[in-house]
Amino acid sequence: MSQKEKPKNLIDGRKISRQVKEEVKEKIEELKKLHDKSPGLAVIIVGDRPDSRTYVNMKKKACAFVGIKSFERKLEVDVTQEELIKIVREYNENPEINGILVQLPLPKHIDEEEILSQISLTKDVDGFSPYNIGKCAMKGRDPLFFPCTPYGCIQLLKRSNVEISGKEAVIIGRSNIVGLPVSFLLLKENATITICHSRTKDIASTVKRADIIIAAVGIPKFVKAEWVKEGAVIIDVGINSVEDKTRKSGRRLVGDVDFENVKEKASLITPVPGGVGPMTVAMLMVNTLRGFERSLESEQKEKENEKEKEN
Ligand code: NAD
């Protein structure tokens with residue numbers, strides 16, 4: 001889509017993510033001047049999936065921009081569970097690393113839950129641990145890290161001046177990494193939430209109630225214009241590769257929303273690509289900075305304790 005053709009009601013995820021990254025970069029520069037240290041993010045990638053490689057490269061590029069040191073470990077697809085756990089533990093112990101990310105999905109012979117549970121809670125910048133998700137669900141509690149994609153959705157709404165409190169939000173999808181945590185975060189913002197999923201009987205009429213729609217289904221163009229109330233705000237999390245013979249690659253990315261038709265009814269809508277995707281990476285930068293700030297705070301406390309002991 002050319003610059004000129006952009007609809008007026010578009011939420012520009014690229015632009016907002018750039019603002020977020022600029023803020024992170026500024027803060028990191030400030031902390032570097034004070035402490036002569038920078039944050040570090042470790043990414044572990046298993047196998048050679050092209051989509052995983054693309055995501056990891058996007059993350060590395062963002063790290064370079066904001067001033068986070070990237071550590072990367074590429075492992076063969078037949079790596080054992082024990083070897084993988086050993087690497088996660090090494091990173092847990094490494095003081096230069098403030099965030100650890102295991103790129104998903106992992107090969108079938110690896111127990112994903114077990115691997116993720118090995119990441120130190122203070123370095124779980126993806127925010128996927130049951131501890132973090134539990135705190136997202138609880139009133140008055142904040143997790144150590146908000147999960148990146150749901151956090152990105154909330155930031156898109158807030159930075160587009162969308163009032164969330166008191167609004168009807170319908171979330172389509174209940175996965176542990178998107179649908180469920182984004183519902184908790186909307187509840188924290190005082191929205192009235194409804195979660196639809198594969199067993200929901202009448203999605204169309206449920207979605208029709210929504211002031212805010214979050215689509216995280218993984219089905220191309222799933223949300224239809226007839227389901228959408230005039231003026232609703234739509235966040236499309238889906239990333240689906242579909243055939244497109246007009247493209248050199250023969251494929252293109254589309255979201256979970258029938259964008260061309262839905263955009264006529266929405267007051268605001270995110271495109272795919274260029275919506276939630278860039279925000280996920282930006283929020284990973286925010287989380288890594290948060291992990292770094294916490295480690296500086298605990299170093300400071302240790303120093304103060306030692307001084308007290310000396311006196
Ligand atoms: P998932 O497959 O884990 O979950 C899909 C959810 O959709 C499930 O809860 C299921 O109940 C629901 N669902 C499936 N079929 C349905 C139907 N017919 N009607 C209603 N609900 C249905 O997927 P996920 O990991 O949550 O990802 C969802 C989409 O978001 C995918 O396209 C994925 O690529 C994308 N995604 C994007 C980002 C990003 O940064 N933009 C991050 C994560 C995932």
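How exposed is R290, in relative accessible area? I looked it up and found R290 partly exposed, at 30%.

**Ground rules.** I am working with a predicted model, where local features need pLDDT of at least 70, side-chain atom pairs count only at pLDDT 80 or more, and totals for chains, interfaces and linings use all residues. I number residues from 1 along each chain as its sequence is written, and side-chain values use heavy atoms, with hydrogens and water left out.

**Overall shape.** I noted ten helices and ten strands in the protein; these are DSSP runs numbered from the N terminus, helices being H or I with at least four residues and strands E with at least two. The radius of gyration is 20 Å, close to the 19 Å that the globule rule gives for 311 residues, so the protein is as compact as a globular protein of that length. That radius is taken over C-alpha atoms, and the rule is 2.2 Å times the number of residues to the power 0.38. I also saw that 48% of the 311 residues count as buried.

**Salt bridges.** I searched the whole structure and found 19 of them, each a side-chain nitrogen of Lys or Arg within 4 Å of a carboxyl oxygen of Asp or Glu. Back at R290, I found a bridge to E293, with the closest N and O atoms 3.3 Å apart. The two sit three residues apart in helix α10 (residues 276-310), so about one helical turn separates them. E293 is buried, at 18%.

Next I looked at E72 and K74, whose side chains meet at 3.8 Å, N to O. E72 is partly exposed at 28%, while K74 is exposed at 63%. K60 joins E72 and K74 in a network of salt bridges.

**Surface patches.** For these I used residues with over 30% relative accessible area and no salt bridge, joining like charges within 9 Å and nonpolar side chains (Val, Leu, Ile, Met, Phe, Trp, Tyr) within 5 Å. Areas come from the Shrake-Rupley method with a 1.4 Å probe, and for residues only the protein chains shown count as cover.

Y55, M58, I239 and L253 make a nonpolar patch of about 320 Å². I found M58 in helix α2 (residues 50-66), partly exposed at 34%.

E76, D78, E82 and E83 gather in a negative patch. Asp and Glu count as negative, Lys and Arg as positive, and His and the chain ends are not counted; I placed each charge at NZ of Lys, CZ of Arg, CG of Asp or CD of Glu. D78 lies in the loop between β2 (69-75) and α3 (81-93) and is exposed at 58%.

Definitions and conventions: Buried < 20%, exposed > 50% of the residue type's maximum accessible area, 1.4 Å probe, protein only.
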